[in-house]
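This report concerns nonpolar cores and charged side-chain pairs. The sequence and structure are shown below.

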Amino acid sequence: MTLKTRGPFALIMMYLCPGTAWSLDPQSIDIYGFDFTPTLLFSESYDDNFRELERAQSSMVTKVAPTFELKAEDRNSATRLIWQPTRYIYHDDSDASNTAQRLRLNTIMEFTDRHRLKLEAEARKYERTTSTAVDGINDKIRSNRVNGLYTFGARSAANQIDLGASYAQLRYGNSGGINDDKERDTTGLTTTWYHRIGSNTRGLLEYDHTDFDYRSNNRLNSTSDAVLAGAEWDFTARTTGKVRVGYERKNFDDSSVDDLSNPTWQVDLRWKPRTYSTFSFVARQAMAEGDDGADAVKTTTALVGWRHGWTERITTVAEVGLGRYEYEGQDRTDDLRDYNLAVEYAMRRWLDIELGYRYRNDDSDADNQSFERNIFLLSFNVSL
């Protein structure tokens, strides 16, 4: 269970994060039996510290992000292919401008009511302007991953078992050997047993095993094992949740590096008192791979969000996020705060307009690592 360091809410902000089309109703085109759906996200923002440094550098940022989705489905299977090229233009720093590419394939197959298989593959190429190895130079990243999850047991059965496997590659394209020490291959295995304890509640027991194999930085080669127990529930459409609590241990191949252990937990709760209003609470604690010279990073993050539709066309989003990062092998702790406000206007079936503001603050006890950041955003999400 690894989380990206200094990106505290990259995972948990998926619930309510602006930029996700909640009101847009894109229309597809039939192409030889496939549903083809194009959309376009265009945004202009002012970012007063896009590199998240103590010495802030600001810029207007233009984002152009088309998405092309091709989907086919029948009674027992569904396949989706998504291509997302994205262009970022930093008007006050041309060296930061870049084009990202993302290609993702998802397949779901239900052989019988007791046998199901989910497969996913993704290839990404992108650049990061924050938390870079060298100040002022984008980290150029390539990542590839494949995941598979086999489920045995009917959805209504008393017991169900998930068996999962994954493989991921992380590579960098910087010159001069920059970031070579971070390149790695990651292999993961997971097993989850679900036991029904009520009509709307299931208990679970999970075991995760992850192997980290660094290409040049052999000092950080390690295996991580985590055991968790918990429950998930779905009481009508109003309250859903999943809670897992356990313990993880990280064993390094190099005997000179101290092995690490840490309690781990994850909470995902969603409450909808009204169909047009959603409250979410997401929190996690886990160990992430080392960054900035650390052996590993113990991460604790939490996000509280509220999404409310005031009318059929106007929706507001409010979020507060907190993160704490303890760098193992270093005398460093970072405390992050993240605030997000947005107003979305569903102008047409095919057009959403969003006005947003985001504030990020890192209070670090390491030299030159603290920062403040403000982002003001106007975006347009367009479909057929």
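## Salt bridges

A salt bridge is a side-chain nitrogen of Lys or Arg within 4 Å of a carboxyl oxygen of Asp or Glu. By this criterion, Asp47, Glu52, Asp338, Arg358, Arg360 and Arg373 are linked in a network. The search of the whole structure finds 24 salt bridges.

The model is predicted: local features need pLDDT of at least 70, side-chain atom pairs count only at pLDDT 80 or more, and totals for chains, interfaces and linings use all residues. Residues are numbered from 1 along each chain as its sequence is written, and side-chain values use heavy atoms, with hydrogens and water left out.

## Individual pairs

Glu122 and Arg102 form a salt bridge at 2.6 Å, N to O. Glu122 is buried at 8% relative accessibility, whereas Arg102 is partly exposed at 28%. Buried means under 20% relative accessible area, exposed over 50%, and partly exposed in between (1.4 Å probe, protein chains only).

In the salt bridge of Asp334 with Arg332, the closest N and O atoms are 2.8 Å apart. Asp334 is buried at 0%, and Arg332 is buried at 6%.

## Nonpolar core

A nonpolar core is a set of buried Ala, Val, Leu, Ile, Met, Phe, Trp, Tyr and Cys residues joined through side-chain atoms within 4.5 Å. The largest has eight residues, among them Phe212, Leu220 and Met287. A second, separate core of six residues includes Ala288 and Leu336.
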